[in-house]
Amino acid sequence: MPGTDAPRRVAVTSPRTEAAERARPARRRLDDLADQTEVGDVLLRALIRAQLVLAVQVLAVLVVLLGGLPLLFVLVPEVGRLEIGGIGVPWLLLGMASFPLLVLLGVVYIRQAERNEREFAELVER
Amino acid sequence: MLAVVAVVAVTGATIAIGTFGVRVARTTSDFFVAARTVPPMWNASAISGEYLSAASFLGVAGLVLKYGVDMLWYPVGYAAGYLLLLLFVAAPLRRFGAYTIPDFAEGRLRSLPVRGVATAFVLLIGWFYLLPQMKGAGITLSVLIGTPYWVGVVVVGGVITANVALGGMRGITFVQAFQYWVKVTAISLPAMFLLLHWQQDRMPEVVSPAPPTFAHATDVEFGVDTRFRVETPVVVDVTGELDGRSATGPRELTAGEHVVAADTVLGFPAGAPTPHQLDLAAAGGTHWGRPFGPIADQEEHPLFFTYSLILATFLGTMGLPHILVRFYTNPDGRAARQTTVIVLAMLGAFYVFPAVYGVLGRLYTPDLLLTGRTDTVVLVLPERIVPGLGGELLGALVAAGAFAAFMSTASGLLVMVAGALAQDVLSPNVRGFRSAAVLGGCVAALLGLAVEPFDINRLVGWAFAIAASSFCPLLVLGIWWRGLSAVGALAGLLVGGTTASAAIGATMLGFAPGGWLGSLLAQPAAWSVPLAFAVMIVVSRRTPASIPADVGRTMVTLHTPERLGLTAPARP
């Protein structure tokens, strides 16, 4: 947080830009979306793509970290024999570590998905 | 006796909360989705409460006892399914504003045939998933008060049916939330006492080269005819029928195969190695504690089995209709996402514990490997380990938890089955819902009588496989791909869902060819899910005419945040 005594930020724009902003019909992009115009379609496709790419990225992390384990156990059987504190590593990975990992991936996803939506909303409401 | 009191208390509270809910439920809409006024924390408790079934509470520990660490893929998959649901389904589906999967299918694809097929799969998955809950009821009651298997199925089936028919879902939401907390307490608290006791017992080695042995002299009672193998000769005290001859008194069990008739009791001396059932891989040794241990003896293609199971559980959760219907009780898409993450945390907190029972069961209840009643290990273990009143109290607690587990899941499933029946087959009002609940409950109880021989988790895994092969592609493609056509969806649902069901049905009926064919049939998700996706995509490409005209509008509704006000109002 900047000091409270710092001068307030103000937007400096030319009077002509402001006039233009005012002259433009309000919420036009929102109408584009609602009416399925070409512009609206481009905007929507961009949002869907961003959300899908995000979902697939998180999924890829899950597939590598969890989905890779059976293959790892087969290819490197020594991993299955490792122990930490008398408990086998496979037991710790599957029985304990996997659950916090899932929550973590979920939290990361939500933050990014909501950011995508916020940016989209700001874009169409501007 | 204490256990019976605890079970009656849980059942009583369930009915009381359900009845209290009825007074609040007035309109049909309230009745079906609790009027969408449930905050995320409550909703997450309710979803977790509904989801943690007999499979999680009883079955996981039983499988770990039998097959070891590989079985932990079940709980991991049951939880991970919610991450996939979060990534691909949660928020868009909530924004779409339909109540059920058939509503989504019809609203998205504008096709009544697709709705009809979706309804058929809702009923199939719902009933299939009810079977293991009925099994849980049957074995729990028989452990508690010694009733025959069918009594538990009929009694619990009746209570659930009455509660659903009278309470609707408003009551159920509060019941489910309450039951999550019952279950998590009932699994964690005794587990900690058991671990403490094991520590005082000087921590005997669980994974040792020797097979499990009886810690004390133990009378083993067989519920059904059982064939088993003895490795080391031992003298047992027989009451009943051994190797085809009735016998009373001490007899020597020679090394090799033996068979006992139902209701026979064998008294084993302390320290004797535990024989194991013939269809179980050799129970002993370090083998059990390692990945691809006993499972590699049991399955011809263990790696395929594991990946197929992973696919079924990871993708099946989003296709479970009784779970999806809960997402409509979130006020908006954002709340739906928050709810899902809370669910992930709640499930994780629960799933740490069942393995404790399975592992300690190796030491203290090896006789379950002989009788085959491994699904009861959670119920039996506390009284076996902790002596006196303490053990009895812990036993009462796990019994209450087990009851909460199959009561809540079975109630949620029955709400869904009854909802689908009322909406699409009988009449879509409260009266229709009540008749449908009674019909659905009776069918479930009748079928439940037949599934005693199957592992609870085996049955649940199959229900997941069918859901993953039908509804998962419908939802993922329906939400993310404009090109999905009504004909394509119909074809994919039918091909994926019916081939998976047929493979599982054949396996259940005992059709077990060796080699790859048997493995493919017994755990079909690895091929049936990609097949369903492929059919939906290929057929949709060939039938662009049946892509609904309003797909653009639907996409706006599914994906734009609520604050823009573009999300369509709920379709009644």
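The model is predicted: local features need pLDDT of at least 70, side-chain atom pairs count only at pLDDT 80 or more, and totals for chains, interfaces and linings use all residues. Residues are numbered from 1 along each chain as its sequence is written, while chains are lettered from A and ligands numbered from 1 in the order in which they are written.

**Chain B overall**

Chain B has 23 helices and seven strands. Helices (H or I, at least four residues) and strands (E, at least two) are DSSP runs, numbered from the N terminus. The table gives values for the chain as a whole.

| Property of chain B | Value |
|---|---|
| Box filled by C-alpha atoms, along the principal axes | roughly 80 × 50 × 40 Å |
| Buried residues | 60% of the 572 residues |
| Contacts between residues 24 or more positions apart, among those with a separation of 6 or more | 81% |

Buried means 20 or more other C-beta atoms within 10 Å of the residue's own, with C-beta atoms placed from the backbone. Two residues are in contact if their C-beta atoms, placed from the backbone, lie within 7 Å.

**Domains**

Chain B is divided into domain 1 (2-201 + 289-454) and domain 2 (218-273). These bounds come from an automatic or database domain assignment. The domain centres, taken over C-alpha atoms, are 36 Å apart. Five residues of domain 1 are in contact with six residues of domain 2.

**Core**

A nonpolar core is a set of buried Ala, Val, Leu, Ile, Met, Phe, Trp, Tyr and Cys residues joined through C-beta atoms within 7 Å. The largest one holds 221 residues, and B:Ala399, B:Ala400 and B:Ala402 touch the most other members. Helix H17 (residues 388-424) of chain B gives the most, 22 residues. Each of domain 1 and domain 2 of chain B supplies at least three residues. Leaving out residues up to four places away in sequence, B:Ala402 touches partners including B:Phe57, B:Gly136 and B:Val378.

**A buried helix**

Helix H7 (residues 101-109) of chain B is mostly covered, with nine of its nine residues buried. Among them are B:Asp103, B:Glu106 and B:Arg108. Just after H7(B), B:Arg110 takes a positive phi of about 55 degrees.

**Contact between the chains**

Chain A gives 40 residues to the contact and chain B gives 38 residues. On the side of chain A, H6(A) provides the largest share, 18 residues. That side divides into 29 nonpolar, eight polar and three charged residues. Here Ala, Val, Leu, Ile, Met, Phe, Trp, Tyr, Cys and Pro count as nonpolar, Asp, Glu, Lys and Arg as charged, and the others, Gly among them, as polar.

Terms used: Buried ≥ 20, exposed ≤ 12 C-beta atoms within 10 Å, placed from the backbone.
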